[in-house]
Amino acid sequence: MSPIALDGPAVDGNLYTWLTGVAQQAPSWLDGLISAWSTYGLALFAALMLLGWWRARKTGDPHTTATALAAPLVVTTAFLADTGIKSLVREQRPCQTLHTLTLEACPPLGDWSFPSNHAAIAAAAATALWLLDRRLAAIAVPAALLMALSRVWVGAHYPHDVLLGLAVGVCVAWPLTRAARRAAPLVKRLDSTALRPLVAPRRTRARSPSRRAGRWSRPCPPPCSGSWPSS
């Protein structure tokens, strides 16, 4: 064990067992929805970031576009930071220590609990979207909180695991997302390269004047007035 291994049950083990007990007594349809969200819900944040990029490139603002393009990198960095903390703290999963019934199968030994990767990823994505597009953030922020709660509900984490996971996501994503706006000059340079579709919509070509059928549709040189010759 790591010398800084965390004793999870001493922190909030009672709250964990209470929540997992409530989950065992909840209707099966509710447990099914929460379990599905806990497993697949991160896909929503990916979709919101993709939509944020699509909306940003239409604005023509290089700062906004740079923020949108950086969002996946920011979330990845938050995940790596969270995983690094896991390897240092090495807290056992609550289902391994408390041996309580859980909705989710207990992860194997060595799959550490503190902090929660799911919570960190969700919080990082929500933070990046908050700085990018508040309308999308209105969906992402409550979704991140629900993700954190769901990880305790299914038995995968202690409450303090998801709280710190949320904190890691915010603390990593906030400064990195703000710093990403400095990449606006790079976005401007990409606008004139083959990578332009990443940063701006496709340019539409101006339509050439429609030609009429026959030879009289061709323009004539001066002093032709464009009218029929008089007979």
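Is Asp133 buried or exposed? In this predicted model, Asp133 is buried, at a relative accessible area of 12%. Asp133 also takes part in a salt bridge, with Arg55 as its partner. The whole structure contains three salt bridges, which are set out below.

**Asp133 and Arg55**
- The closest N and O atoms of Asp133 and Arg55 lie 2.7 Å apart.
- This pair joins distant parts of the chain, 78 residues apart: Arg55 belongs to helix H3 (residues 42-59), while Asp133 sits in the loop between helix H6 (117-132) and helix H7 (134-153).
- Arg55 is partly exposed, with a relative accessible area of 28%, whereas Asp133 counts as buried because its 12% falls under the 20% limit.

**Arg93 and Asp111**
- A salt bridge connects the side chains of Arg93 and Asp111, with an N to O distance of 2.9 Å.
- Distant parts of the chain are again linked, 18 residues apart: Arg93 lies in the loop between helix H4 (62-89) and helix H5 (94-97), and Asp111 in the loop between H5 and H6.
- Arg93 is buried, at 6% relative accessibility, while Asp111 is partly exposed, at a relative accessible area of 33%.

**Glu104 and Arg151**
- Glu104 and Arg151 form a salt bridge in which the closest N and O atoms are 3.1 Å apart.
- The two residues are 47 residues apart and link distant parts of the chain, with Glu104 in the loop between H5 and H6 and Arg151 in helix H7.
- Arg151 is buried, its relative accessibility being 5%.

Key
Residues are numbered from 1 along each chain as its sequence is written. This is a predicted model: local features need pLDDT of at least 70, side-chain atom pairs count only at pLDDT 80 or more; totals for chains, interfaces and linings use all residues. Side-chain values use heavy atoms; hydrogens and water are left out. A salt bridge is a side-chain nitrogen of Lys or Arg within 4 Å of a carboxyl oxygen of Asp or Glu. Helices (H or I, at least four residues) and strands (E, at least two) are DSSP runs, numbered from the N terminus. Buried means under 20% relative accessible area, exposed over 50%, partly exposed in between (1.4 Å probe, protein chains only).
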